[in-house]
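Work through these exercises with the model open beside you. Try each task before reading its solution.

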Amino acid sequence: MVAAPGENLRINGDRLWDSLMEMAKIGPGIAGGNNRQTLTDADAEGRKLFKAWCDDAGLTMGVDQMGTMFMTRAGTDPDALPVYIGSHLDTQPTGGKYDGVLGVLSGLEVVRTLNDLGIRTKHPIVVTNWTNEEGARFAPAMLASGVFAGIHDLDYAYARKDPDGKTFGDELKRIGWVGEEEVGARKMHAYFEYHIEQGPILEAENKQIGVVTHCQGLWWLEFTLTGREAHTGSTPMNMRVNAGLAMSRILEMVQDVAMAEQPGAVGGVGQMFFSPNSRNVLPGKVVFTVDIRTPSQEKLDRMRAKIEKQAAEICDKLGVGCSVEAVGHFDPITFDPVLVGRVREAAEKLGYSHMDLISGAGHDACWAAKVAPATMIMCPCVGGLSHNEAEEISKEWASAGADVLFHAVLETAEIVE
């Protein structure tokens, strides 16, 4: 017999919060957050702690060739496909304690609560830690889930290099997390991801739950501008081939392109490298990545075309060489309406205030949605701040979203009495 979970059922908010604080001790940042970048020793330590907690909860581990951890609670029907709950444990270099981690540990808390209550489900439940969601060390972001969904191949992923020239494949092997499972061989009944909003809307609207209906599409366009190294003091202005000047004009142009597509479009640059990066030498090479996002496919295509065309024109006028490589991309995502409805219904049943949201950031759910019904749940974060060591949420916010996750997952995994 299949039953619906009663609204009196809640996860253990104190236990979830304690787990978040314990994980935050691994890879501490310098200002209260975390630096637990993918495939570092800190990442390996975080994985070890997560595995120990999952072992204690009776979960069975599988690891694929990308190092993604799949922790399974068996269902009663051996033929039923699993319900997956996923996110990531890796962080930005100056990341917070909740981005990604909240989703993984809330998945674990769902399982712990099921164990506490003695609840069985028809479908297995799999708590997932995807490798390299952030893309901070190895571009592109959401790399492991991208291979899982067939967006990237394994050789491409293994060949990705960090700024020090170390490859993803070598570092995955070094920390001891190369699994035997073929990437993408697993089949999903459904996929849920719980995440902090990483934006200010929920807090500003005084809502506890974000029901995520869509995710913005994205392009990461890595520009390499080639000028001529020359002395900043003795080179006449009209004789310079200034890659830095070209970059500055491109940045201003990206701002203009994004503003022309308002509302619902963003663009900017968060990373750049000057070479030789000396105070009194004009750069011979500048490398930077333009990040553009919008939930509209038409706008996304138009923004990319405008930026690449106008960047080439800017560089041509200055005599600067210009090349561009797309190092990250996904089209706008519409999440599964049935699962979205279950999230909304769970929030209403539990009495939590909620609103529909479009995710401004990319998540592993974007790639999971390519191979299975998927959706996301979000909770507020203070000031909308994320990818920052000052990132903060409250225990109450964390618990409310985990409660909604618990009920939406149980509705999908089907309680068996």
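**Exercise 1. A strand and its partners**

What is the bridge partner of Leu-221 in β13? Then describe the setting of that strand.

Solution. 

Some ground rules come before the steps. This is a predicted model, in which local features need pLDDT of at least 70, side-chain atom pairs count only at pLDDT 80 or more, and totals for chains, interfaces and linings use all residues. Residues are numbered from 1 along each chain as its sequence is written, and side-chain values use heavy atoms, with hydrogens and water left out.

Step 1. Leu-221 has Val-290 as its bridge partner in β13. Helices (H or I, at least four residues) and strands (E, at least two) are DSSP runs, numbered from the N terminus.

Step 2. Look at one flank. Strand β9 (residues 217–226) runs antiparallel to β13, and 10 bridges join them. Two strands count as paired if DSSP finds at least two bridges between them.

Step 3. Look at another partner. Strand β11 (residues 266–275) also pairs with β13 in the antiparallel sense, over nine bridges.

Step 4. Check burial. Buried means under 20% relative accessible area, exposed over 50%, and partly exposed in between (1.4 Å probe, protein chains only). Nine of the 10 residues of β13 are buried, so the strand is largely enclosed by the rest of the structure.

**Exercise 2. An annotated site**

Which residues does the UniProt annotation "binding site" cover? Examine how they are placed.

Solution. 

Step 1. According to the unreviewed UniProt entry, the "binding site" annotation covers His-88, Asp-99 and His-195. These three span 108 residues in sequence, yet no two of their C-alpha atoms are more than 9.8 Å apart, so they gather at one spot. UniProt positions are given in the numbering used here, feature names are shortened, and annotations may be inferred rather than shown by experiment.

Step 2. Take Asp-99. It lies in the loop between β4 (83–87) and α3 (101–117). Asp-99 is buried at 5% relative accessible area. Leaving aside neighbours within four places in sequence, its contacts include His-88, Glu-134, His-195 and Glu-391.

Step 3. Take His-195. It belongs to strand β7 (residues 190–196). With 0% relative accessibility, His-195 counts as buried.

Step 4. Find the polar contacts. A polar contact is a pair of N or O atoms within 3.5 Å; within protein, one must be able to donate a hydrogen and the other to accept it, and residues adjacent in sequence count only if both atoms are side-chain atoms. The side chains of His-195 and Asp-99 make one at 2.9 Å. The side chains of Asp-99 and Gln-198 make another, at 3.2 Å.

**Exercise 3. Domains and cores**

How many residues does the largest nonpolar core have?

Solution. 

Step 1. The protein is divided into domain 1 (13–215 + 332–413) and domain 2 (217–330). Domain bounds come from an automatic or database domain assignment. The C-alpha centres of the two domains lie 33 Å apart. Their contact takes 13 residues from domain 1 and 12 residues from domain 2.

Step 2. A nonpolar core is a set of buried Ala, Val, Leu, Ile, Met, Phe, Trp, Tyr and Cys residues joined through side-chain atoms within 4.5 Å. The largest has 99 residues, and Leu-102 and Phe-335 are among those with the most contacts inside it. Helix α12 (residues 395–413) gives the largest share, 10 residues.

Step 3. A second, separate core has 26 residues, including Leu-225 and Val-290.

Key: Contact = heavy atoms within 4.5 Å.
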